[in-house]
Amino acid sequence: MAQIANTSASAVTTQAAAASKQQDLAFEAQAATALPLPAHLVHGQTLGWDYAHHGLTPPVALLYANSPVRQGWLAGAATFGQRTLPANAHTRRYLALRSHAWTRGRSFELVQLTPNFLQQIDADFCPILRLRLNDQPGSEQQRSIDRVRDDAGYAAGNLVTLSRSANQAKAAHNWASATALAHSLQQGPIHSTAGLNAEQWTRVATLCSFVTALPHEEAARIPLHVLPPNRLRLFNPIQALQALVTRQLATPGWSQRLARIEALLPGDKLRGDFNRFVLALAPRVLAAQHLNREEEIRWALEDAWTDPLLQRRWTLFALQLSPSQAEALVQRAAAKKLSAQQVHSHCKDSATEGWGLEQQGFCTAAIRPQLH
């Protein structure tokens with residue numbers, strides 16, 4: 001009897017599951033045949049919903065009548081009530097960034113770009129101005145998130161924390177335009193523009209070069225005037241190797257680690273040229289050994305690259321490597337724990353996934369609604 005009862009119960013459950021499956025298929029069919037909705041509408045409603053999910057109120061400017069953000073916020077508030085998620089400073093910054101992107105029609109990648117990601121790319125100092133960041137609205141040193149490539153949207157790998165004034169000055173500049181501007185200011189008679197001098201524009205240019213696919217010979221000749229910020233994707237393998245080697249001198253034991261990297265190089269000539277490059281780099285950094293603060297050590301490493309001899313020796317070494325050899329060296333060094341930071345490798349297609357390059361960083365015209 002027990003076995004029969006269990007069989008009967010199993011049959012009923014199976015019938016219920018089949019009915020549920022048919023309902024799910026009906027919903028999926030409905031979603032598949034639904035007319036695409038304006039992306040602006042869908043993203044706005046989702047944004048408002050997420051504000052409500054964290055028990056926060058969207059900016060007043062987004063709560064106008066018939067606003068998609070308002071619609072999503074009211075629907076979310078009715079759904080969640082008091083059952084909201086906690087909202088820390090990074091969550092608030094994340095929602096504010098999404099609001100900023102939505103009002104400008106910019107694409108915003110929602111899978112990898114999260115509050116936790118913003119926490120990982122946070123910084124205490126602006127890498128361009130080298131001034132301490134704050135959260136005072138309207139301050140020139142106010143913390144802001146910049147899209148390094150202006151032709152891409154808000155996505156992991158394309159974002160950096162800058163001061164408000166550096167962000168505004170950089171605007172739509174890229175590697176080529178920032179480099180030309182820096183060279184022009186170095187020639188004079190004008191020595192600053194948009195509040196940045198030639199040295200600061202050089203840092204902007206270096207920052208932009210990281211996310212610009214350049215010919216290997218060109219990338220190998222770029223001095224490392226600014227170290228890559230955390231989680232920024234480096235499109236040029238030789239710059240990844242350049243940053244990995246330079247960072248070695250920030251912590252004790254660098255001589256042994258550089259010797260191990262040198263041992264990974266094929267051929268005596270290449271190892272000899274690498275050693276001569278290190279001999280040019282080390283004295284510039286050793287002179288700053290009295291420095292205790294992390295940012296000062298970082299700046300000393302960056303300033304070492306103003307030495308023409310150092311740059312010549314690096315270029316001589318780097319041009320003997322191919323892009324694939326440089327990338328393999330970075331991966332081997334990381335595998336042997338010779339990198340001060342974690343190294344994540346991305347294939348060509350996934351490196352810019354979610355960047356919205358096809359639409360120059362703007363949202364698509366329409367998307368299909370998702371039924372939940």
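This is a predicted model: local features need pLDDT of at least 70, side-chain atom pairs count only at pLDDT 80 or more; totals for chains, interfaces and linings use all residues.

Trainee: Is Ser 165 buried or exposed, and how do you know?

Mentor: Its relative accessible area is 18%, so Ser 165 is buried. The cut-offs are under 20% for buried, over 50% for exposed and in between for partly exposed, using a 1.4 Å probe and protein chains only. Ser 165 is found in helix α6, residues 164–170. Helices here are DSSP runs of H or I with at least four residues, strands are runs of E with at least two, and both are numbered from the N terminus.

Trainee: And where is Ser 163, and is it buried or exposed?

Mentor: Ser 163 is in strand β3. With 1% relative accessibility, Ser 163 counts as buried. Leaving aside neighbours within four places in sequence, its contacts include Cys 126, Leu 129, Leu 133 and Glu 140.

Trainee: How many helices and strands does the protein chain have?

Mentor: The protein chain has 16 helices and 6 strands. It has 372 residues, of which 43% count as buried.

Trainee: Why is the pair of Phe 108 and Tyr 154 called stacked?

Mentor: Rings of Phe, Tyr and Trp (its six-membered ring) pair if their centres lie within 6.5 Å; planes under 30 degrees apart are stacked, over 60 edge-to-face and the rest tilted. By this rule there are 11 aromatic pairs. The centres of Phe 108 and Tyr 154 are 6.0 Å apart and their planes are at 25 degrees, so this pair is stacked. Phe 108 lies in the loop between α4 (89–104) and α5 (115–120), and Tyr 154 in the loop between β2 (143–147) and β3 (159–163), so the pair ties together parts 46 residues apart in sequence. Phe 108 and Tyr 154 are both buried.

Trainee: What makes the pair of Phe 277 and Trp 305 stacked, tilted or edge-to-face?

Mentor: Phe 277 and Trp 305 have 5.8 Å from centre to centre and 40 degrees between the planes, and the pair is tilted. Phe 277 is in helix α12 (residues 268–286) and Trp 305 in the loop between α13 (294–304) and α14 (308–318), so the pair ties together parts 28 residues apart in sequence. Both Phe 277 and Trp 305 are buried. Ring pairs also link Phe 274, Phe 277, Trp 305, Trp 314 and Phe 317 into a cluster.

Trainee: What is said to sit over the ring of Phe 362?

Mentor: The charged end of Arg 106 does, 4.0 Å from the ring centre. The label asks for NZ of Lys or CZ of Arg within 6 Å of the ring centre and within 35 degrees of the ring normal. Arg 147 lies over the face of Tyr 154, at 5.3 Å from the ring centre.

Trainee: What stands out about the phi of Asn 66?

Mentor: Asn 66 has a positive phi of about 65 degrees although it is not a glycine. Most residues other than glycine have a negative phi, and most peptide bonds are trans. Asn 66 is in the loop between α2 (39–53) and α3 (68–80). Its relative accessible area is 66%, so Asn 66 is exposed. Arg 231 also has a positive phi, of about 70 degrees, without being a glycine. At 32% relative accessibility, Arg 231 is partly exposed.

Trainee: Which residues are joined by a cis peptide bond?

Mentor: Gly 188 and Pro 189 are, with omega about 0 degrees. Pro 189 lies in the loop between α7 (175–187) and β4 (192–193).

Conventions. Residues are numbered from 1 along each chain as its sequence is written. Side-chain values use heavy atoms; hydrogens and water are left out. Contact means heavy atoms within 4.5 Å.
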